[in-house]
Amino acid sequence: MSDTDSHLWKFQKELSTGTVSLVLLGVLARARTPMYGYQIAKRLEQTGGGVLSGKQSALYPVLRNLAAAELLESIVEPSVSGPPRRYYRITPLGRRVLREWSLAWVDTRDFVNSILED
């Protein structure tokens, strides 16, 4: 392990913590039907280039927190091939919050890029 690996790991962890809620709302806003946790994790793996790979278990507490904040609603449905599944869908409040968070993300991204590109 190089002397920068631990710093990179810590930075990625902190950055991930701050963006997972935004990403989850974004995925569910674009979903045509409610999704359960494993589906969401697979979607993130397919489109995220490995940024959140290996963090599937970390998604569940964030999904629960978003539901508790009324940004998502969840329903539990029985499954023929295992335990019941909890499906999530974004609420109207969640869509409004997603728009605000997206604007904040763009402002932050643009600011960081302006500093790093100078």
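Reader: Where is the place of E70?

Author: This is a predicted model. In the protein chain, the elements run α-β-α-α-β-β-α from the N terminus on. E70 is placed in the loop between α3 and β2 (72–79).

Reader: Does E70 count as buried or exposed?

Author: The phi of E70 is near 65 degrees, a positive value in a residue other than glycine. Exposed means over 50% relative accessible area. E70 has 56% relative accessibility, so this residue counts as exposed.

Reader: Which residues is T91 in contact with, leaving aside its neighbours within four places in sequence?

Author: T91 lies in the loop between β3 and α4. Because its relative accessibility is 10%, T91 counts as buried. Leaving aside neighbours within four places in sequence, its contacts are with E70, L71, L72 and E73.

Reader: How many helices and strands does the protein chain have?

Author: The order of elements from the N terminus on is α-β-α-α-β-β-α. In that chain there are 4 helices and 3 strands.

Reader: What box do the C-alpha atoms of the protein chain fill?

Author: Of the 118 residues in the protein chain, buried residues make up 27%. Among contacts with a separation of 6 or more, 51% come from residues 24 or more positions apart. Taken along the principal axes, the C-alpha atoms fill a box of roughly 55 × 35 × 25 Å.

Reader: At what angle do helix α1 and helix α2 pack, and what does that make α1 relative to α2?

Author: Two packed helices are described by the angle between their axes and the distance between the axes. Helix α1 (residues 5–30) and helix α2 (residues 37–47) have axes 11 Å apart, and they pack at an angle of about 100 degrees. Angles of 65 to 115 degrees count as roughly perpendicular. That angle therefore makes α1 roughly perpendicular to α2.

Reader: Which residues make the contact of α1 with α2, and how do they divide by class?

Author: On the α1 side the contact is made by V23, L24, V27 and L28, and on the α2 side by I40, R43 and L44. By class, the contact of α1 with α2 has 6 nonpolar, no polar and 1 charged residues.

Reader: How are α1 and α3 oriented to each other?

Author: The axes of α1 and α3 are 10 Å apart, and the two helices pack at an angle of about 75 degrees. α1 and α3 are therefore, to each other, roughly perpendicular.

Reader: Into what classes do the residues of the contact of α1 with α3 divide?

Author: From α1 the contact takes V20, S21, L24, L25 and L28, and from α3 it takes L59, V62, L63 and L66. These residues of the contact of α1 with α3 divide into 8 nonpolar, 1 polar and no charged.

Reader: Why does I40 count as buried?

Author: I40 is placed in helix α2. Leaving out residues up to four places away in sequence, I40 touches L24, V27, L28, M35 and L63. The C-alpha atoms of I40 and L24 are separated by 7.8 Å, with the two residues 16 apart along the chain. I40 counts as buried because its relative accessibility is 0%.

Reader: How far apart are the end C-alpha atoms of α4?

Author: α4 has 26 residues, which at 1.5 Å a residue should span 38 Å.

Reader: Which residues of α4 are buried?

Author: Buried means under 20% relative accessible area. What covers the buried residues of α4 includes α1 and β3. Those buried residues are G94, V97 and L98.

Definitions and conventions: Residues are numbered from 1 along each chain as its sequence is written. This is a predicted model: local features need pLDDT of at least 70, side-chain atom pairs count only at pLDDT 80 or more; totals for chains, interfaces and linings use all residues. Side-chain values use heavy atoms; hydrogens and water are left out. Axes are lines fitted to C-alpha atoms, for helices over the stretch in contact, and angles run from 0 to 180 degrees between N-to-C directions. Angles under 35 degrees count as roughly parallel, over 145 as roughly antiparallel, 65 to 115 as roughly perpendicular and the rest as oblique. Contact means heavy atoms within 4.5 Å. Ala, Val, Leu, Ile, Met, Phe, Trp, Tyr, Cys and Pro count as nonpolar, Asp, Glu, Lys and Arg as charged, and the others, Gly among them, as polar. The expected span of a helix is 1.5 Å times one less than its number of residues. Buried means under 20% relative accessible area, exposed over 50%, partly exposed in between (1.4 Å probe, protein chains only).
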